[in-house]
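Here's a structure to go through together. Let's take a close look at a single part.

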Amino acid sequence: MSGSVPRLVIAAPSSGSGKTTVATGLMAAFAARGLAVSPHKVGPDYIDPGYHALATGRVGRNLDAYLCGPELVGPLFLHGARGCDIAVVEGVMGLYDGAAGEGELASTAHVAKLLRAPVVLVVDASSQSRSVAALVHGFASWDPEVRVGGVILNKVASDRHEELLREALEQAGVPVLGALRRASQVSTPSRHLGLVPVAERQGAAVEAVAAMAAQVQDGCDLGALEALARAAGAVPGGSAPWTPASPTHHPTHSDERPAPPAGATRSGEAVGGRAPVVAVAGGSAFTFSYAEHTELLTAAGADVVTFDPLRDEELPEGTAGLVIGGGFPEVYASELSANEPLRKAVAELAGSGAPVAAECAGLLYLCRELDGLPMCGVLDAGARMTERLTLGYRDAVAVGDSVLAVAGTRMRGHEFHRTVVEPGSGTEPAWGVRGPRPRVEGFVQRGVHASYLHTHWASEPGVARRFVERCRTS
């Protein structure tokens with residue numbers, strides 16, 4: 001595949017400026033013009049990619065230079081953009097905000113430079129007029145390697161307000177590519193961890209995306225935006241697309257990688273037997289997952305089957321391993337608890353020693369109880385909601401051997417929750433978290449690996465291979 005995919009990065013001076021509205025609306029507007037649009041999100045966010053997928057009809061993918069390393073950003077981008085006419089990348093936070101204490105690492109600006117992609121700055125103009133020029137000039141000139149190719153003005157009050165803003169920006173020399181009026185119909189509801197996921201809103205989410213597309217179509221110069229994207233040139237570094245069949249190993253991680261499964265070929269097809277069934281939790285309660293995880297499991301030889309813990313009373317037939325990612329079990333605690341047959345099936349599978357990988361929401365589901373309601377009881381721990389938000393990147397190392405990694409394997413993760421699990425770790429913890437306040441966290445018992453840390457398996461491809469091999473042999 002050519003590395004010259006037309007592309008744009010949608011950024012902003014700060015959170016709350018309207019990046020998601022503009023990026024999602026632009027994706028849908030380009031798709032309505034007959035373009036195959038590749039949607040991407042900077043950082044570890046799981047929710048925005050759901051709206052991106054709704055807008056484009058393609059899987060929303062993340063580009064995270066902290067979790068995966070800068071060298072994988074280009075290959076993962078090209079993997080997601082395979083066969084597409086144009087790519088739109090939604091940024092995270094403010095343009096230059098990255099991992100705390102790590103300089104530009106994992107910022108929108110960093111990813112834009114890694115992709116050599118032009119940036120469109122979305123500015124909340126609701127409380128300014130001429131000052132917008134100073135703001136945009138500062139962002140455009142801060143880093144000469146970041147190319148701010150234009151501005152989209154958001155929350156413009158009137159025609160006169162728009163006129164004043166455009167006059168000011170003429171002096172700054174940055175083209176105005178759109179001006180959007182305030183519009184309540186494009187707002188999306190939020191709660192304790194951000195936007196409500198698409199899977200929970202269904203028809204309302206479709207309507208919201210349609211409204212975003214209409215607003216962008218009415219207020220933006222789509223021709224100019226597409227021309228800017230087509231001027232991006234090749235992705236630097238001669239990057240080839242990432243592939244789950246022969247993924248690139250992250251060079252900063254431990255070289256103690258598990259060997260490829262003896263029963264699988266390089267393409268992941270099972271040899272001499274049926275592919276093990278790996279059940280992956282989905283539905284409204286478990287919406288947080290990276291597409292690459294399923295692709296890696298499939299490439300390693302697994303038959304991946306999705307199930308819904310809110311509705312399915314049994315695990316998929318022949319389940320040999322279980323993956324329970326993140327989401328909102330606290331919102332659906334009553335329904336999850338009421339599904340007693342499935343809770344018992346999960347406990348029996350874990351008790352048999354079968355591989356079980358659980359992250360954040362999955363950790364809560366495996367606990368004895370959540371906010372006083374019975375859960376699966378796999379772990380002798382209780383979970384409850386709190387007012388405190390735990391948020392941030394983590395540098396972690398596997399404390400001991402598990403179904404995911406051998407002791408000493410280093411991975412980077414992300415925590416994002418308002419819950420607490422007591423105790424916070426088992427006799428055999430999952431991870432040792434490095435940094436100013438080192439600690440251990442999570443649980444490893446028999447085939448179970450449960451932790452608050454969200455990890456991106458593309459950064460350590462041995463994780464999926466090891467998990468599938470354990471599914472064959474457990």
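Q: Zoom in on the second largest pocket for me: how many residues of its lining are nonpolar, polar and charged?

A: This is a predicted model, with local features needing pLDDT of at least 70 and side-chain atom pairs pLDDT 80 or more, while totals for linings, chains and interfaces use all residues. Numbering runs from 1 along each chain, and side-chain values use heavy atoms, without hydrogens or water.

The lining has 21 nonpolar, eleven polar and two charged residues (nonpolar: Ala, Val, Leu, Ile, Met, Phe, Trp, Tyr, Cys, Pro; charged: Asp, Glu, Lys, Arg; polar: the others, Gly included).

H10 (291–299) gives the largest share, four residues. H2, H7, S10, S12 and S13 are among the elements supplying at least two each (DSSP runs: helices at least four residues, strands at least two).

Now follow H2 (48–56). Its axis comes within 10 Å of that of H8 (203–219), crossing at roughly 70° (axes are lines fitted to C-alpha atoms, angles 0 to 180 degrees between N-to-C directions). So H2 is roughly perpendicular to H8 (65 to 115 degrees). Tyr51, Leu54 and Ala55 of H2 meet Ala205, Val206 and Val209 of H8 (heavy atoms within 4.5 Å), and the six residues are nonpolar.

Definitions and conventions
Parallel < 35°, antiparallel > 145°, perpendicular 65-115°, else oblique.
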